[in-house]
Each structure stands twice: as structure tokens, then as C-alpha cells.
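The following paragraphs lead through a structure from its overall architecture to individual residues. Please keep the sequence and the coordinates at hand while reading.

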Amino acid sequence: MAYVATRGGERAIEQSERLFRAELGQIDAARVAEVKQALPYLVDRVMGEASLYDEDLAALALAQTGGELYEAVLVLRAWRTTQPRLTVAAPIEQDDLFTHRRISAAFKDIPGGQVLGPTLDYSHRVLATDVLTGTPYDPPAVEPAADPAPAHQPSVSAWQAANDLVDLPKPDAATGEAIPDLTREPLLFPSKRAHTLQSLARAETGGVLALGYAAMRGYGQAHPTVNELRLAEAEIVVKHPNGTEFSAGRVKVSQAEVVSKKGERLGLGFAATLGWNEVKCISAATLDLNSKGAPKGSPTEEEFFLYHTEGVEASGFCIHFKLPHYVTFQSSLDAMRDAKATRAAEQEPAE
Amino acid sequence: MTLASLTKPWAPMSYGFLDASAKRELRRKMVKAVCVPGCQMPYASREVPMARGWGTGGLQVSLTLINPQTCVKVIDQGADDSVNAASIRRFLSRVSGAPVTLDTLQADLIQSRHRIPEEILREDQVLVLQVPNPEPLRSVQPNMSIARQMHGDADYGRMWLQLYEQIVRSGRVMQGASYPSMVNGRHVMTPSPIPRWDVPKLHMAKHLTILSAGREKRIFAVPPYCRVEPLVFDDVPYRVEDHAGLTCSRSGAKGFFMNEVPQDDGTSAFELSDSEYGVKSIRRAEGDPVDLGDTWYTNGELTK
């Protein structure tokens, strides 16, 4: 019964999971609330990559996985995919966004104005070590502007289109259930525009940055100018079965438009995601900008960057190499040994 | 009649984890896959509570096929007690209430990573193979959209060339597992990284095999009694691993695919890769009344 004695699989995996969870200790509603309050940008990132806007669930996913980001996104996505699609919200136009921050690098000033909003861009990155020695950090109060910026603003590309500098994409007439949904259909190439944008929206931030940065450094044809970067809140308008349209609440969104000179016109790249994530939007928009006509197999080709920035798939495949592979390995060894033995036999001098 | 009487009570999780729309898509894609043997059908591939690359494709198929009466067996590299096989088995049983087994003969549904059991599968059994990379052309064409076109054109020239180059360079075909095979005379498929030993088991098999790649979102199938022919040249016959003469150091069984276990003295011992077949062989040797099914190989030679 030697075989049976070695069967520790079930117990081993149970205990190893316990070991991990024991380190994290009790997870209660208070901890989830603390994560949500203390780490809004991390929560945003997880919501974006999971394509599920729910701060409580995202904070729970983070708490439950101890901040193992790939795991957090996976548990959230696995939960999301089992939920019914009750309805499709009304399309959101850029002008409708309740804008907190909106900047353009293309012009000194833009219609609607440059609105800095909340940012660390001009902060000095000094670690507040005093906090650790007992001096809490209290952020100084914000002084509201005498003349607040307008909450709703047009896009910069709309002005450029009016001045015949850029061709805006044709409006997509698809509505409701006819809108392709990447989470319910496979991604095929050349990909549908909706799939491309959805795929970038849920892409892994680090992955998009790596490939986007490669394009920015010169492994792409187009150098991006940030036409507009926007952090906003979007009203989710849905229709009650009785016909009434109502707001189901607001979600935080971020989006970036980047442009570059393409002959006598501007090429346009765009990306948007749930939550506030500037690095991801600029990188993703840069990839979008570079994808047209990119050579097959280059990092700026759509198939290349959409496949390889899919964080759940990439991280899962990466960690799968921990699984035993001894059957495939044995199969390769067999061919190697045989080829080697045959060669050795051939090289022996004839008797 | 009330609305409540028409609907099921709310539950935090659907039966078998996947919701009805996901299962419907999978059923449709499985039917398509059976209709065009060996042809990769794209599917949405939902996230499941397991990491990609850990059998999520096979899991989605199993979750769709399972019912409370389905007897399930899960193996990884031939072993039922491998940690990931244990994890998948536990999950399948937890969300479906299905009974589990280690015995190939008892199983209705077998989810496997990289092995086909040594006992011959019957018409009433379904084998679900986990697939890391569904594209046999990947090594000659990493771009999936081009590879898809090549399948459409049955353009397998580069595949043959690759095998030919191996023979020229190394004197033999060097492909280890995942041996590219022509299915029903039309589509080249990867049989998943099963050893070459297992590929002939798929040819004209009585059972249905469904191969599913969750991460890559492709599903394909070998229906019962379908041709599966490894790509070989007329003058270079197909060769399985040279395991026919090996004896299992634990059970004494001979002529099956083995795991090589390095020993302290620099030599190797071998043990049956199909762990439950090994257990049954030991039990029979000890006088237990156990059923050993007919096997695809007898004394290391293909019997069927």
C-alpha cells in the first residue's frame, strides 16, 4: 500500500492555504472599510482591472488576498462573471462627465481651462517618516477657488476636429445588448473596436505601462502628445422596465486622448478605465495610437499588446509553471537520450 | 401565479458555479467542436475561482457537463493525489455535489492534465483534457490570427518542415509531448501535452475527448471513432517513449508509461505514471478483489 501512504495532497493544500490565511488574521467589515478608505487608488486599480465597479467588493478582495494584486483581481473577476447582466447603461458622452481633473499638454490653455484637480504631480516625494515616530500627518485644508472650474467640459479633440486637424472615429451606432462584450465573447483579431477598448480598460496596469513605455521610447512609430487627460465621475443612467430613466449612481472614470502628427493630420489614440488610473490610461492610449498599421508581432500590434497585458491570464500562466511538469519533461528526456545514444553509436568506428 | 413562483430562490452561487449563460455558450461551442473535429472554437472563457493556466479550460467544460450523478475523476500528470488535481476534484464536488472517484473504470467524467489513463475508456465516458496552448502552429507562427488563417487553408507546410528539420539536425523527431496530430484528415491539433505514448489512445477511441484551453479561450474535440494521426513521414514511423520495457518499482507492472524517479546512487527507479492503476495493481497483487480494466497497451505494445 505504499502508494496510498504517500497521498498527502488534500491535506497539504488545505494546510498551506491555512498558513497563508493565518498570517492575515481575521478579516472583518472594519478592515474592509479601512482598506477602502486608506487605499482608494489601489481600490481603483483593482476595480479597473477586474472591470467591476464596487469599492466594497474591491476592498474585500484586497483584504482577503492580503494585497496580492493578481489574486485580488482574479477573485473579483470570478465573482463578477457569475453575476447576471441586468441591463446596459446609456452611453456617456465626454461633455457629461463630472470632471475633477482635466489637463492638456497640447495647448497652453484649452476651452474649459486646465483643471489640475487632485494630483501628486507637483508634490515633493518625501517620505513622511515623522508619522512613524508619533507625529500624525494631517493634510492642510484645501482652499476652494473663488471661481470654480466648470464641472462639464468638451473634449480637446472636438475642438481639433472642428478645426479640421483630426478625424474623429465614426460614432458607433450599436446600443444595448448589441454592444460587443469582451467578458462574454472571445477576443478575435482584427478585434472589434469595443473589444479593444474594453480589453485596454481591464488590462493590467504594469503590463500596459511596460509595452506603452516601449512604444514611447521608440519601439512604436508615434510619439504621444497628451491631448487630454481626465479624471471624472460618470453618471450611470439605466432604464427601469417601466420606461423611466434614472441614475444608478456615479462611478469614477479616467480617460486619456493622445495624438501625434500623421502627415497633415493628427492620429488619435484613446483609452478609458474604471477608477482613477492615469499611468494606465496614457500608456493604453499610446498603444492605441501606435496600433494602426503596426507590423505583426511588434509590441504595438493590437494582438500583441492585448494578449500580453491581460493580467489575470498572464499571471496565471506564469505561476502555473510551479505545477509539476514531469510527464512532459520525461517525454522530452526520452527523445533527447535516444538522439544522443544514436549519435554516439554512429560515431563509433566501424569494426 | 406570482413572479416568485416562476423563479428559483436566490442563491449566492449557481449550480456548478457557472451561470446558465456561460454553460449555454460552452454547450454550443462543444457541439461545434464535435462537429468539426480538431478545429479550435473560440469561446468567452469565463473566469473561475482558480488561476488561469491551472486547468480553468477543463474546469469550465467539467462544470458544464457535471450533474449530481456524474462520477468525477481528476488527474494531474497521471496522479489523482497531485495537489492541483486534489484542488480541482474538491472544487467540482463542492459546487456540484457530484461523487468523486480515483478509479478510471468508475468515472463518468475524467478531467486530466497531460495524461490519458492506461485503462481503455468506454463509450459512456468523457475525457476532458486541460490545454495550456491550443495552437499546434505556435512554434512556427506565434500570431494567432495568422495561425487561424493557416488552419483555414490547411497550410501545414511549416509544421512538416519543422519535423523534417528535427530529423536532419538530430536524427529523429525531437517533439516530446504535445505531438501534432491530424484529426479526421483535416485539422492539425495539439493533443495537449500528453506524452507520445498517449496519442494513439485517441485514434478511433470509443470515448469523447474534449480539449479546452481556458487562458487561450479555445475548445476543440475528438469525437468517438475519429481518426487521430500523428504527423509522420512515410519512411519515419511514429515513436512513443521508450517505456515498453520498464517495470514499476512499486507495483511490478510492466509496459506502461512511467515516471522516472532519480535515486541517490545516480540511477533511476520507475513508477507507474497512472497512479491509480498502480494502486490497483498493488492491491490485486496483495489479493484484494479489484477490477483492472483492459489497457490500451499490453506488455508495452499497443493492443487495439
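**Architecture, core and interface**

In chain B, residues 24 or more positions apart account for 62% of the contacts with a separation of 6 or more; two residues are in contact if their C-beta atoms, placed from the backbone, lie within 7 Å. The model is a predicted one, in which local features need pLDDT of at least 70 and side-chain atom pairs count only at pLDDT 80 or more, while totals for chains, interfaces and linings use all residues. Residues are numbered from 1 along each chain as its sequence is written, and chains are lettered from A and ligands numbered from 1 in the order in which they are written. The predictor assigns the complex an ipTM of 0.91 and a pTM of 0.92. For chain B the mean pLDDT (the predictor's confidence in each residue, from 0 to 100) is 95, and 100% of the residues reach 70 or more.

Chain B contains seven helices and 13 strands. Helices (H or I, at least four residues) and strands (E, at least two) are DSSP runs, numbered from the N terminus. Along the principal axes, the C-alpha atoms of chain B fill a box of roughly 75 × 55 × 35 Å. Of the 304 residues of chain B, 50% count as buried. A residue is buried if 20 or more other C-beta atoms lie within 10 Å of its own, exposed if 12 or fewer, and partly exposed in between, with C-beta atoms placed from the backbone.

Chain B is divided into domain 1 (20-230) and domain 2 (258-302), with bounds that come from an automatic or database domain assignment. The C-alpha centres of these two domains of chain B lie 24 Å apart. Their contact takes 16 residues from domain 1 of chain B and twelve residues from domain 2 of chain B. On the domain 1 side, the contacting residues divide into six nonpolar, three polar and seven charged. Here Ala, Val, Leu, Ile, Met, Phe, Trp, Tyr, Cys and Pro count as nonpolar, Asp, Glu, Lys and Arg as charged, and the others, Gly among them, as polar.

Helix H3 of chain B (residues 56-65) is largely enclosed by the rest of the structure, because ten of its ten residues are buried. The cover over these buried residues includes helix H2 (20-35), helix H4 (83-96), strand E3 (109-113), strand E4 (126-130) and strand E7 (208-213) of chain B. Strand E8 of chain B (residues 218-222) holds Arg218(B), which counts as buried because it has 25 C-beta neighbours inside 10 Å. The C-alpha atoms of Arg218(B) and Pro42(B) are separated by 4.5 Å, although the two residues are 176 residues apart along the chain. Leaving aside neighbours within four places in sequence, Arg218(B) is in contact with Gln40(B), Met41(B), Pro42(B), Pro134(B) and Ala213(B).

The largest nonpolar core has 124 residues, of which Val46(A), Ala58(A), Ala61(A), Leu62(A), Leu76(A), Ala285(A) and Ile210(B) touch the most other members. The largest share of this core, seven residues, comes from helix H5 (residues 55-64) of chain A. A nonpolar core is a set of buried Ala, Val, Leu, Ile, Met, Phe, Trp, Tyr and Cys residues joined through C-beta atoms within 7 Å. H5(A) is mostly covered, with eight of its ten residues buried. These buried residues pack against helix H3 (29-38), helix H4 (40-50) and H6 of chain A. After H5(A) comes Gly66(A), with a positive phi near 65°.

Where do the two chains meet? In the contact between them, 44 residues of chain A touch 54 residues of chain B. The largest share of the chain A side, twelve residues, comes from H13(A). The residues of this side divide into 21 nonpolar, twelve polar and eleven charged.

Arg250(A), in strand E3 (residues 245-262) of chain A, counts as partly exposed because it has 14 C-beta neighbours inside 10 Å. The C-alpha atoms of Arg250(A) and Glu233(A) are separated by 5.9 Å.
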